[in-house]
Amino acid sequence: MGLAYRADVDGLRALAIVPVVLFHIHLSAFPGGYVGVDIFFVISGYLITAILFRDMKAGRFSLLDFYDRRIRRIFPALFVVLIATTLAAVFIMVPSDLLLYARSLRATTLFFSNIYFSKNLNYFQPEADLNPLLHTWSLAVEEQFYIFFPLILFALIRWVRPNLLRPIILVLIVASLAHAEIRLSRNPIESFFSLPTRAWELLIGSALALGLVPVVTPRKGAWLSLAGLALIVFTIAVYDRHSRFPGLAALAPCLGAALILHGGASGANGMVQRMLASPVPVFFGRISYSLYLWHWPLLVLVGYYLERRLSATEGLMIAAVSVGLATLSLFYVEAPFRKRHRAGTSRWIPVGVGGAAMALVVAFALTAIARDGRFWPMSAFAQQADALARAQDPYMSWCSAPLSGPMRMPARPECVVGKAASAAASSPGASAPATAPAFDVLLWGDSHASALMAGLGEAAAAADASIRLVMLPACPPLSEVVTLHDSIKGLERQCPAFNRGVLELIAEKRPKLVIMAGRWSPWTSLQPGFAIRDGNDHYLSVEEARAAFARGLARSVDGVTRLGIPVVLVGQVPEFGHSPPHCITRAEFSGADTARCLTQDRAKVVAGLTYSNQVLLDLAKTNPLVTTVLLSDRFCGNETCPAMEAGALIYRDPNHLSVEGSRAAAAFINLAGVLRAAAGDQQAAGQGTGQAPPPAMR
């Protein structure tokens with residue numbers, strides 16, 4: 001016998017799923033729509049615990065029955081979506097991306113995708129916001145919770161006195177919430193994805209189902225529901241991608257959901273219950289699970305196929321298609337499998353069928369991983385491009401400052417290249433002391449600085465010098481500027497601390513030269529996903545951001561040059577609107593001309609760099625210790641900016657140089673000449689090796 005049906009609970013599901021979908025479409029009216037997942041957690045904890053508690057109190061609890069119900073509820077729609085998504089991925093994804101997809105498919109099928117994504121999500125890896133299975137992390141959290149919770153609840157009911165149940169559940173809620181808040185400061189990605197930091201949300205629903213919250217009258221229940229709705233609406237409207245979330249901030253939507261659930265349980269028939277129980281919310285609540293499963297893969301795969309971010313109109317169209325698919329899924333996939341097995345049919349059958357489905361999908365994922373994502377023939381050129389597209393910058397992992405916990409400058413010997421490095425480490429990646437060797441040049445910046453390290457390291461070694469890299473993703477060397485990026489939790493706290501730490505390192509070590517490099521244009525034009533905030537948590541306009549950019553860079557330069565240390569400011573490399581290696585592989589895959597992947601219009605590219613380039617040039621004009629090198633002069637001709645030189649691709653993605661590109665940039669910077677100039681030998685800088693400083697140096 002099931003629980004009594006409550007239409008307002010289906011309506012609450014609608015209040016969870018609709019904001020999530022609209023948030024994923026990037027509609028500005030729903031900046032906090034992601035809290036819908038937290039609402040789902042509370043609802044799940046409430047309903048599942050109610051069923052478990054009823055069966056345990058009646059003495060008919062069976063773990064096999066419980067997992068039978070979970071499999072029939074979760075697996076059918078999930079595996080239909082996984083199979084459909086996988087078929088689409090095989091036909092439209094290039095091998096490097098299909099490999100990443102296969103890894104996430106394995107994790108999703110085995111219900112540890114939250115762990116997989118917590119270890120692989122960052123700004124530089126395409127699987128972050130472009131993986132069709134990213135949304136399955138919440139399913140993984142739920143299923144992991146229901147591995148342990150039924151056993152814990154059974155033990156509590158059987159062996160613990162009833163009056164101790166409330167304090168024990170309360171302690172678990174507080175402990176999990178406290179852990180979430182602590183981990184949010186130390187490791188925000190883990191705090192977002194992990195079961196221990198999310199368990200309290202499900203446990204809030206469990207506390208309601210266990211009767212641990214005092215019963216209220218229908219009148220009070222109606223007011224509680226209204227307060228709950230206000231909390232949910234507030235968080236959807238006010239929270240955004242940069243909010244410090246989850247942790248304590250997740251209390252508001254979770255308490256909102258709990259108040260509505262508890263208010264409805266009182267028998268209230270107020271405005272909120274009537275609204276949620278009306279036909280449209282109930283319909284969306286009934287399709288909410290399938291809608292959640294379908295909408296994200298469709299958004300990702302269509303955007304992937306079109307090779308661009310979808311417009312709001314396109315997103316709404318895909319949402320409408322998702323509603324249609326979810327409706328079909330409800331009636332023809334979910335509903336038939338939810339029915340209890342016929343009399344005489346073994347309860348092991350759903351478990352066995354579910355296990356077989358998991359095994360088949362995992363087998364495909366392992367096959368794709370073993371084949372490196374390659375199911376279709378590729379030319380040698382496309383294979384080279386695909387290998388470059390999947391290449392990772394090793395300096396990113398070696399030399400990036402932490403995005404969580406206390407700020408420390410990375411001190412691995414691999415981060416110092418040149419004459420001093422050979423004595424510290426025989427080869428990159430080898431075990432070595434935790435202290436980096438001495439260095440002559442400090443390279444300071446974000447991932448663009450890291451991309452220059454390969455070429456500058458070779459140039460330093462050739463000049464009998466050493467160079468050290470210190471970098472933080474999406475954190476340009478702008479002192480006391482609060483930068484934010486959608487994909488990097490905690491950046492707004494760590495970036496200012498990182499830049500202060502670099503200045504302290506420079507004051508301590510006194511290198512002969514400091515090179516500052518970064519991806520400047522997102523902060524002067526506020527590209528989607530990028531923002532700058534002032535000390536009052538005010539988000540700056542483009543004009544304000546430009547002023548903050550100029551001030552922050554000037555402070556960084558002044559902090560170095562007042563020590564008598566010269567500075568080289570490196571202008572940003574031209575950006576492509578697409579990834580040239582990825583575009584080449586896609587073009588060959590679809591039979592298109594690869595030539596379109598290899599060039600872009602100079603006027604369009606340089607226009608986006610005009611402001612930052614001018615700021616760099618102005619600093620060089622006003623400070624004799626500053627030199628500016630504009631990479632747009634190096635990598636753009638009179639009319640176009642190519643992605644290939646001498647048969648080699650010089651980009652590994654839309655805006656990061658490949659190793660070959662890094663070498664070209666290093667030759668243009670002319671590190672040996674700059675070092676001689678820094679030593680005061682201006683004449684030798686132009687004559688020493690017969691090579692003058694490049695014309696872009698000003």
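**Disulfides, cores and enclosed space**

Cys 415 is buried, with a relative accessible area of 0%. The model shown here is predicted, and all values in this text were computed from its atoms. Cys 399 also has a relative accessible area of 0%, so this residue falls under the 20% limit below which a residue counts as buried. The two residues are partners: a disulfide joins Cys 399 to Cys 415, with an S to S distance of 2.2 Å. The torsion about this S-S bond is -110°, and the link is left-handed. Cys 399 sits in helix α19 (residues 394-399), while Cys 415 sits in the loop between α19 and β1 (416-418), so that the bond links distant parts of the chain, 16 residues apart.

How many disulfides does a search of the whole structure find? The search returns 4. A disulfide is a covalent bond between the sulfur atoms of two cysteines. With bonded cysteines counted along the chain, the pattern is 1-2, 3-4, 5-6, 7-8.

Another of these bonds is formed by Cys 475 and Cys 495, whose sulfur atoms are 2.0 Å apart. Is this disulfide right-handed or left-handed? The torsion about its S-S bond is about 85°, and therefore the disulfide is right-handed. Its ends lie in distant parts of the chain, 20 residues apart: Cys 475 is in the loop between β3 (466-471) and β4 (482-485), and Cys 495 is in helix α21 (residues 491-509). Both Cys 475 and Cys 495 are buried.

Cys 583 and Cys 597 form a further disulfide, with their sulfur atoms 2.1 Å apart. This link is left-handed, with -65° about the S-S bond. Because Cys 583 lies in helix α24 (residues 580-590) and Cys 597 in the loop between α24 and β8 (599-601), the pair ties together parts that are 14 residues apart in sequence. Cys 583 and Cys 597 are both buried. Elsewhere in the chain, Cys 254 has 0% relative accessibility and therefore counts as buried too.

The next topic is the packing of nonpolar side chains. The largest nonpolar core contains 81 residues, and the ones with the most contacts inside it are Leu 12, Leu 52, Trp 137, Phe 145, Ile 169, Trp 200 and Ile 260. Helix α2 supplies the largest share of this core, 11 residues. For Ile 169, leaving aside residues up to four places away in sequence, the residues touched are Leu 156, Leu 203, Ala 207, Leu 210 and Leu 212. Apart from this core lies another, of 47 residues, and among them are Tyr 395, Cys 415, Leu 456 and Leu 513.

The remaining topic is empty space. Rolling a probe the size of a water molecule over the atoms shows where empty space is left. The second largest pocket holds about 1,500 Å³ of space. It is lined by 44 residues, with Arg 13, Leu 47, Ile 51, Arg 73 and Arg 338 closest to its centre. Two or more lining residues come from each of α1 (7-24), α2 (36-57), α3 (63-92), α7 (137-159), α14 (279-286), α15 (288-306) and α16 (312-338).

The largest cavity has about 100 Å³ of space. Its lining consists of 15 residues, and those nearest the centre are His 242, Ser 243, Lys 489, Gly 490 and Glu 492. The elements giving two or more residues to this lining are β4 and α21. The lining of the largest cavity has 5 nonpolar, 4 polar and 6 charged residues.

The second largest cavity has a volume of about 80 Å³. Of its 13 lining residues, His 448, Leu 452, Val 573, Leu 631 and Leu 657 lie nearest the centre. Helix α20 (residues 447-462) gives the most to this lining, with 3 residues. How many charged residues does the lining of the second largest cavity have? It has no charged residues, the classes present being 7 nonpolar and 6 polar.

Terms used
Residues are numbered from 1 along each chain as its sequence is written. This is a predicted model: local features need pLDDT of at least 70, side-chain atom pairs count only at pLDDT 80 or more; totals for chains, interfaces and linings use all residues. Side-chain values use heavy atoms; hydrogens and water are left out. On a 1 Å grid over the protein atoms alone, a cavity is a set of points where a 1.4 Å probe fits but cannot get out, and a pocket is an open set with protein on both sides within 12 Å along at least five of seven lines; lining residues have an atom within 4 Å of a point. Grid points are joined across faces, edges and corners, and a volume is the space filled by probe spheres set on the points. Helices (H or I, at least four residues) and strands (E, at least two) are DSSP runs, numbered from the N terminus. A disulfide is a pair of cysteine sulfur atoms within 2.5 Å. Buried means under 20% relative accessible area, exposed over 50%, partly exposed in between (1.4 Å probe, protein chains only). A nonpolar core is a set of buried Ala, Val, Leu, Ile, Met, Phe, Trp, Tyr and Cys residues joined through side-chain atoms within 4.5 Å. Contact means heavy atoms within 4.5 Å. Ala, Val, Leu, Ile, Met, Phe, Trp, Tyr, Cys and Pro count as nonpolar, Asp, Glu, Lys and Arg as charged, and the others, Gly among them, as polar.
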